[in-house]
Amino acid sequence: MKKILILVFIIVCGIMSYQGKVLQHFSGKGIINLELANKDTGVEIIALWSDTLYGDQTLLSIAQKNTHLDFLFILVYVVLIMTLSNSQMQREQTSWLNELLRLNLFLAFLIGSLDVIENIRLLHSFHHPGNMAEFWRTDFIAWPKFVLAGWVILIYVSSVIKGYF
């Protein structure tokens with residue numbers, strides 16, 4: 001199960017990374033720039049993507065596809081975090097670190113939930129390019145999501161490294 005999850009994770013990361021590089025290369029702004037943008041900057045990014053062609057589509061179309069694929073990515077990384085943390089809990093002898101790994105199970109669900117809400121808000125904003133009144137900010141969701149994800153990774157990596165000593 002872990003190997004399949006890791007393989008799907010790598011494949012989806014590769015596709016999303018390619019899409020992100022296209023956005024970054026042709027507009028100077030990537031999805032993360034939009035996720036962390038204030039209202040003015042976010043509206044500018046979406047308007048830029050809406051007006052910039054990439055082949056027979058706009059960059060906004062690529063951003064929408066990237067966001068739709070992110071729903072699969074969310075499912076994969078939430079299950080992967082839960083699986084890896086649970087597996088590491090079985091080996092972790094230190095009680096407080098074991099409890100933090102257990103907390104990762106809840107945090108993975110919370111991070112995924114925040115990411116789903118963020119994606120819904122992004123998709124709404126994509127349908128209203130250049131419209132300041134219809135732009136829904138996501139920065140107040142994205143920052144806690146990234147901080148919690150960093151915390152989860154830190155706990156997991158700390159436990160794995162500790163296991164080698």
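This is a predicted model: local features need pLDDT of at least 70, side-chain atom pairs count only at pLDDT 80 or more; totals for chains, interfaces and linings use all residues.
Let's start with contacts along the chain.

Now the overall layout. The chain has 165 residues, and 40% of them are buried. There are six helices and two strands. Reading from the N terminus, the order is α-α-α-β-β-α-α-α. The C-alpha trace spans about 55 × 30 × 20 Å along its principal axes.

Next, the largest pocket. How much space lies in it? About 790 Å³. Its lining is made of 30 residues. Nearest the centre of the pocket are Phe-9, Cys-13, Phe-73, Tyr-77 and Phe-146. Several elements give two or more residues to that lining: α1 (2-27), α2 (31-35), α4 (59-91), α5 (95-126) and α6 (139-163). Which element has the largest share of the lining? That is α4, with nine residues. By type, the lining divides into 16 nonpolar, ten polar and four charged residues.

A pair of rings is described by the distance of the centres and the angle of the planes. Searching the whole structure gives four aromatic pairs. Here is one of them. The ring centres of Phe-9 and Phe-73 are 5.4 Å apart, and their planes are at 25 degrees, so this pair is stacked. The pair links distant parts of the chain. Phe-9 sits in helix α1 and Phe-73 in helix α4, 64 residues apart. Phe-9 is at 25% relative accessibility, so Phe-9 counts as partly exposed. The cut-off for buried is under 20%. There is also a cluster here: ring pairs join Phe-9, Phe-73 and Tyr-77. Recall that these three are among the residues nearest the centre of the largest pocket.

On to helix α6. It has 25 residues. From first C-alpha to last, α6 reaches 36 Å, close to the 36 Å expected at 1.5 Å a residue. Which of its residues are buried? They are Asp-139, Ile-141, Ala-142, Lys-145, Val-152, Ile-155 and Ser-159. What covers them includes α2, α4 and α5. An α-helix has 3.6 residues a turn, so residues three or four places apart point the same way.

Phe-140 also lies in helix α6. Its relative accessible area is 48%, so Phe-140 is partly exposed. Look across to Glu-118. Phe-140 and Glu-118 are 22 residues apart in sequence, and their C-alpha atoms are 9.3 Å apart in space.

Now turn to helix α2, and to Ile-31, which is found there. Ile-31 is buried, because its relative accessible area is 12%. What does Ile-31 contact, leaving aside neighbours within four places in sequence? The list is Leu-23, Trp-49, Ala-63, Asn-66 and Thr-67. Ile-31 and Leu-123 are 92 residues apart along the chain, with 12 Å between their C-alpha atoms.

Last stop, a loop. Met-132 lies in the loop between α5 and α6. At 36% relative accessibility, Met-132 counts as partly exposed. Which residues does Met-132 touch, not counting those up to four places away in sequence? Lys-39, Asp-40 and Val-43. Take Val-43 in particular. Met-132 and Val-43 are 89 residues apart along the chain, yet their C-alpha atoms are separated by 6.1 Å.

To recap, briefly. The stacked pair is Phe-9 with Phe-73.

Methods:
Residues are numbered from 1 along each chain as its sequence is written. Side-chain values use heavy atoms; hydrogens and water are left out. On a 1 Å grid over the protein atoms alone, a cavity is a set of points where a 1.4 Å probe fits but cannot get out, and a pocket is an open set with protein on both sides within 12 Å along at least five of seven lines; lining residues have an atom within 4 Å of a point. Grid points are joined across faces, edges and corners, and a volume is the space filled by probe spheres set on the points. Helices (H or I, at least four residues) and strands (E, at least two) are DSSP runs, numbered from the N terminus. Ala, Val, Leu, Ile, Met, Phe, Trp, Tyr, Cys and Pro count as nonpolar, Asp, Glu, Lys and Arg as charged, and the others, Gly among them, as polar. The expected span of a helix is 1.5 Å times one less than its number of residues. Buried means under 20% relative accessible area, exposed over 50%, partly exposed in between (1.4 Å probe, protein chains only). Contact means heavy atoms within 4.5 Å. Rings of Phe, Tyr and Trp (its six-membered ring) pair if their centres lie within 6.5 Å; planes under 30 degrees apart count as stacked, over 60 as edge-to-face and the rest as tilted.
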